[in-house]
Amino acid sequence: MTEDCLKLTIYFGESDRLGRRLLSDALLEAFEQAGSRAAVLLRATEGFGIKQQLHTQRLLTLSEDLPLVAVAIDRREKIEALLPRVQPLVEGGLITLERARMVSGAVTKAELPEQLNEATKLTVYLGRAERASGRPAYIAAVDLLREHGLDGATVLLGVDGMAHAARHRARFFSRNANVPLMIIASGSGEQVQDVLEPLGRLLGNPLLTLERVRVCKRDGRKLAEPRHLPERDEAGLGVWQKLMVHAAEDARHDGHALYLQLIRRLREEGATGATALRGIWGYSGDRQPHGDRFLSLRRGVPVVTVIVDQPDAIQRWWKVVDEVTDEAGLVTSEMVPAFHSVGPDIQRGGLRLARLRF
Amino acid sequence: MSSGAWVGLALVGGVGAVARFLIDGAISPRREGPFPLGTFVINIAGAFTLGLLTGASVTGAWLFILGTGFLGSFTTFSTWIFETDRLAEDGEEGVAGANLGISVVAGLAAAGAGWAIGAL
């Protein structure tokens with residue numbers, strides 16, 4: 001079954017509280033009560049927000065308030081009904097809404113967003129413990145995506161969330177068996193269309209979303225510039241854009257870790273935020289799927305860095321991304337139709353969905 | 001050790017931990033580059049101060065409270081090693097080695113300088 005859906009994403013801080021409760025708990029509880037189809041809470045490895053304050057797991061003191069990303073997926077009406085409950089909870093952070101096609105149940109016929117001329121981003125929502133053909137399902141799924149020639153896939157493990165409408169939460173003393181995870185992959189429209197049916201057979205009862213993106217770079221090679229979108233749509237609503245940079249943690253730029261260089265440069269140049277999420281498995285470009293290696297000091301996991309801003313600003317951040325990904329990295333760009341940033345005395349954007357034809 | 005010294009140790013130990021958190025929190029966000037300067041400054045300052053105390057022949061309950069209590073919780077071996085490991089994970093083996101080597105050499109020099117000044 002294919003339905004129009006919305007993806008709600010909230011970027012905030014691990015130590016943000018509402019009175020005595022953690023904001024992360026309050027948000028996930030709201031997603032659970034709303035019965036969201038899928039929800040994932042991700043803990044970032046490094047990032048900064050509108051206050052330009054760096055949070056990183058590299059330094060102990062700066063790691064006690066890491067950036068968090070909460071994602072909820074459902075039919076458009078259900079996310080719109082959830083918004084008035086969730087929006088007032090976020091006193092500092094960023095809320096975005098993105099349109100997607102949601103594919104669930106028996107995936108028989110592949111249906112894609114209108115335009116096939118650009119690339120498609122495929123997101124798969126699973127539980128970590130799910131298995132497929134005798135292996136962890138996420139590893140089998142990544143292999144399948146690579147066989148079908150997709151440009152890259154990154155598996156992000158949640159610390160809390162919902163898979164198949166049931167809440168699964170990671171705890172300290174627990175096997176944390178079925179914590180939800182998401183696989184973010186991108187490829188051409190045809191590749192994604194071809195992989196949907198085998199992916200449905202492999203996973204049995206998957207929940208997938210499809211979004212339109214543009215693949216700007218692959219293995220450090222430039223394929224296209226991000227589209228220069230107008231700042232507003234015809235109705236005057238603000239338009240926003242997102243850049244995602246997928247690279248292995250051991251990918252380098254100027255002799256340093258690529259994702260760390262990217263975050264540092266963006267912060268120096270005054271960007272209003274960037275978040276780096278460390279995956280557990282994945283690949284980009286021509287590399288084999290990789291994760292951590294046993295007894296290796298360097299980490300081999302993939303990292304995704306996310307930047308969301310207004311179209312003119314994205315053109316500036318694209319120049320930084322382009323420089324830093326000169327040797328490696330998969331870069332995608334896409335439109336974000338609603339963006340609401342809240343900080344001390346700051347309010348940017350709003351949550352009405354912009355519409356552009358391109 | 002008297003019970004008063006134990007209470008002093010507990011209180012001053014807490015102050016040391018808070019001081020480390022505040023000083024590291026003030027240094028680290030301002031720095032770019034991979035070297036963990038906050039932890040380095042704290043450990044070197046701690047080594048210097050412990051040298052100063054022993055050089056000035058502070059002994060008994062005061063050494064227990066200030067040395068073991070305050071400096072014991074202010075300085076940190078575990079964070080030094082933890083941040084070195086994170087550097088190596090990020091492929092910064094050179095900086096990781098420098099963090100180990102420079103900390104040892106600078107720490108010995110700071111302790112020696114503290115001792116010499118304290119003994120004046």
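Figure 1. Helices (H or I, at least four residues) and strands (E, at least two) are DSSP runs, numbered from the N terminus. The model is predicted: local features need pLDDT of at least 70, side-chain atom pairs count only at pLDDT 80 or more, and totals for chains, interfaces and linings use all residues. Residues are numbered from 1 along each chain as its sequence is written, while chains are lettered from A and ligands numbered from 1 in the order in which they are written.

**Figure 2. Chain B as a whole.** Chain B has five helices and zero strands, and along the sequence its pattern reads α-α-α-α-α. Its C-alpha atoms fill a box of roughly 50 × 30 × 20 Å along the principal axes. Of the 120 residues in chain B, 35% are buried; a residue is buried if 20 or more other C-beta atoms lie within 10 Å of its own, exposed if 12 or fewer, and partly exposed in between, with C-beta atoms placed from the backbone. Among the contacts in chain B with a separation of 6 or more, 77% join residues 24 or more positions apart. Two residues are in contact if their C-beta atoms, placed from the backbone, lie within 7 Å.

**Figure 3. The buried side of α1(B) and its packing on α2(B).** The buried residues of α1(B) are L9(B), V12(B), G16(B), R20(B) and D24(B). They pack against α2 (37–55) and α3 (60–74) of chain B. An α-helix has 3.6 residues a turn, so residues three or four places apart point the same way. The axes of α1(B) and α2(B) are 8 Å apart, and the two helices pack at an angle of about 135 degrees, which makes α1(B) oblique to α2(B). Axes are lines fitted to C-alpha atoms, for helices over the stretch in contact, and angles run from 0 to 180 degrees between N-to-C directions. Angles under 35 degrees count as roughly parallel, over 145 as roughly antiparallel, 65 to 115 as roughly perpendicular and the rest as oblique. The crossing of α1(B) past α2(B) is right-handed; a crossing is left-handed if the near helix is turned anticlockwise from the far one by less than a right angle, and right-handed if clockwise. On α1(B), R20(B), I23(B), D24(B) and I27(B) meet L37(B), G38(B), T39(B), V41(B) and I42(B) of α2(B). The residues of this contact divide into five nonpolar, two polar and two charged. In this grouping Ala, Val, Leu, Ile, Met, Phe, Trp, Tyr, Cys and Pro count as nonpolar, Asp, Glu, Lys and Arg as charged, and the others, Gly among them, as polar.

**Figure 4. I42(B) and its surroundings.** I42(B) lies in helix α2 of chain B and counts as buried, with 24 C-beta neighbours inside 10 Å. Apart from neighbours within four places in sequence, I42(B) is in contact with R20(B), I23(B), D24(B), F74(B), T75(B) and T76(B). Between I42(B) and G25(B) there are 11 Å in space, C-alpha to C-alpha, and the two are 17 residues apart in sequence.

**Figure 5. The side of chain B that touches chain A.** In this interface 16 residues of chain B are in contact with 14 residues of chain A. The elements of chain B that give two or more residues to its side are α1 (3–27) and α4 (77–89). The largest share, six residues, comes from α4(B). By class, the residues on the chain B side divide into five nonpolar, five polar and six charged.

**Figure 6. Helices α3 and α4 of chain A.** Helix α3 (residues 137–147) and helix α4 (residues 189–203) of chain A pack at an angle of about 160 degrees, with their axes 10 Å apart. The two helices are therefore roughly antiparallel to each other, and α3(A) passes α4(A) in a right-handed crossing. From α3(A) the contact takes A137(A), A140(A), A141(A), L144(A) and L145(A), and from α4(A) V195(A), P198(A), L199(A), L202(A) and L203(A). The contact has ten nonpolar, no polar and no charged residues.

**Figure 7. Two loop residues of chain A with positive phi.** Q52(A), a residue other than glycine, has a phi near 65 degrees; its place is in the loop between β5 (46–48) and β6 (54–56) of chain A. D219(A), also not a glycine, has a positive phi of about 50 degrees and is in the loop between β16 (207–218) and β17 (221–222) of chain A. Q52(A) is partly exposed, with 13 other C-beta atoms within 10 Å, and D219(A) counts as partly exposed with 17 C-beta neighbours inside 10 Å.
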